[in-house]
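Work through the two exercises below with the structure in view. Try each task before reading its solution.

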Amino acid sequence: MTTLTDLAGWLSDEPAGDEVKAVVTVIAGACARISKVVASGAISGSLGAAGVVNVQDEEQKKLDIITNDILRDALQGCPLVAGLASEELETVEATGAVGGFLVTFDPLDGSSNIDVNVSVGTIFSILPAPAGVAPSEADFLLPGRNQVAAGYAVYGPQTMLVLTLSKGVVGFTLDADGAWRLTHPTVAIPADTAEFAINMSNQRHWAAPVRRYIDGCLQGKTGLRGKNFNMRWVASMVADVHRILMRGGVFMYPWDAREPDKPGKLRLLYEANPMSLIVERAGGKSTDGVTAILDLQPTKLHQRVPVVLGSANEVEVVVAETAAG
Ligand code: AHG
Ligand code: MN
Ligand code: MN
């Protein structure tokens with residue numbers, strides 16, 4: 001059996017700068033450690049609620065806190081990282097370093113799946129840090145096109161790391177010896193699909209364009225769309241987006257009327273932006289229904305946004321429905 005290239009081997013041929021590669025290496029190491037904690041489950045006593053509510057007004061799980069600490073410690077110790085922001089931290093943290101990069105992350109995505117042993121993940125985004133000064137919150141509010149790199153780890157039947165740096169999307173699988181092996185050298189999303197992912201239990205709360213779009217899918221071969229659609233919803237964005245990267249599909253977490261003042265559920269800076277860069281680099285599209293997610297100007301750290309992403313032609317159908325009002 002030939003030995004597959006590892007992360008260091010792949011990075012040595014990737015045209016991005018050495019500094020960002022070093023930050024990606026630090027994050028990959030933290031994800032490998034997180035994978036072990038996730039896999040140990042009840043043995044290490046890491047399942048269940050922590051009894052604390054976070055800045056999102058969501059009850060933290062023990063693993064939300066453990067994984068946040070692992071990433072935070074790793075990044076605080078990296079001289080190339082000037083600041084970090086996390087779903088689980090109210091404000092941004094400066095590390096003491098100046099220049100280099102800012103990192104935003106969702107340390108544990110899919111928290112509702114932890115205790116039932118369904119795939120969860122980690123999402124991260126790397127942005128340029130301001131030169132010569134310690135970063136403030138305003139320095140993190142950059143459109144997603146400014147990302148220097150983005151990636152996620154999915155802790156599923158296999159632990160995988162999916163990355164984009166200067167171009168393209170690649171996937172690594174965590175080997176028993178702790179090495180990330182390049183198993184998916186070219187990740188590309190097919191332009192067409194007959195599979196959608198949305199939490200159907202919110203149907204009665206959706207706006208008209210989303211209802212019309214999903215109705216069209218549900219009508220099947222004899223309906224407006226003229227084909228049968230399949231549906232999947234893992235309720236871990238990492239797992240749902242990973243499936244779309246592997247075989248196509250469209251993922252939607254739209255605005256809904258349950259909390260009308262919130263634009264959506266997912267967070268722009270550490271969920272929507274990194275996933276959108278990966279999806280675009282894999283040939284797919286990502287939008288809030290009107291504007292490409294990567295072109296949105298963030299206005300606050302924990303900003304939420306409606307998300308539609310995946311197979312390019314299917315995302316365009318949703319955009320056309322939205323434009324029709
Ligand atoms: P997190 O666990 O980081 O808060 O994110 C959960 C998100 C996302 O992963 C997933 O797509 C969505 O919440 C699931 O929401 P529902 O439970 O409403 O389906
Ligand atoms: Mn999340
Ligand atoms: Mn999370």
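The model is predicted. Begin with one residue: Leu-108 is buried, because its relative accessible area is 1% and the cut-off for buried is under 20%.

**Exercise 1.** Find the protein donors of the manganese ion (ligand 3) and describe where they sit.

Solution. 
- Step 1: List the donors. Glu-87 gives OE, Asp-106 gives OD and Leu-108 gives O, at 2.2 to 2.6 Å from the ion.
- Step 2: Read their spacing in sequence. The pattern is E-x18-D-x1-L.
- Step 3: Glu-87 lies in the loop between strand E3 (81–86) and strand E4 (93–94), while Leu-108 belongs to strand E5 (residues 101–109). The two are 21 residues apart, and the pair links distant parts of the chain.
- Step 4: Judge burial. Glu-87 has 4% relative accessibility, so Glu-87 counts as buried.
- Step 5: The manganese ion (ligand 2) is 3.8 Å from ligand 3, and Asp-106 coordinates both.

**Exercise 2.** Describe how helix H4 (residues 208–219) packs with helix H7 (residues 312–324).

Solution. 
- Step 1: Decide what to report. Two packed helices are described by the angle between their axes and the distance between the axes.
- Step 2: The axes of H4 and H7 come within 8 Å and cross at roughly 135°.
- Step 3: Classify the angle. H4 and H7 are therefore oblique to each other.
- Step 4: The crossing of H4 and H7 is right-handed.
- Step 5: Name the contact residues. H4 supplies Pro-209, Arg-212, Tyr-213 and Cys-217. H7 supplies Glu-314, Val-317, Val-318, Glu-321, Thr-322 and Ala-324.
- Step 6: Sort them by class. The H4 and H7 contact holds 6 nonpolar, 1 polar and 3 charged residues.

Note on methods:
Residues numbered from 1 in each chain as written. Chains lettered and ligands numbered in written order. Predicted model: local features only at pLDDT ≥ 70, side-chain atom pairs only at ≥ 80, totals over all residues. Heavy atoms only, no water. Donors = N, O, S within 2.8 Å, 3.2 Å for Na, K, Ca; no water. Helix = DSSP H or I, 4+ residues; strand = E, 2+ residues; numbered from the N terminus. Buried < 20%, exposed > 50% of the residue type's maximum accessible area, 1.4 Å probe, protein only. Axes fitted to C-alpha atoms, helices over the stretch in contact; angles between N-to-C directions. Parallel < 35°, antiparallel > 145°, perpendicular 65-115°, else oblique. Left-handed = near helix turned anticlockwise from the far one by under 90°. Contact = heavy atoms within 4.5 Å. Nonpolar A, V, L, I, M, F, W, Y, C, P; charged D, E, K, R; others polar.
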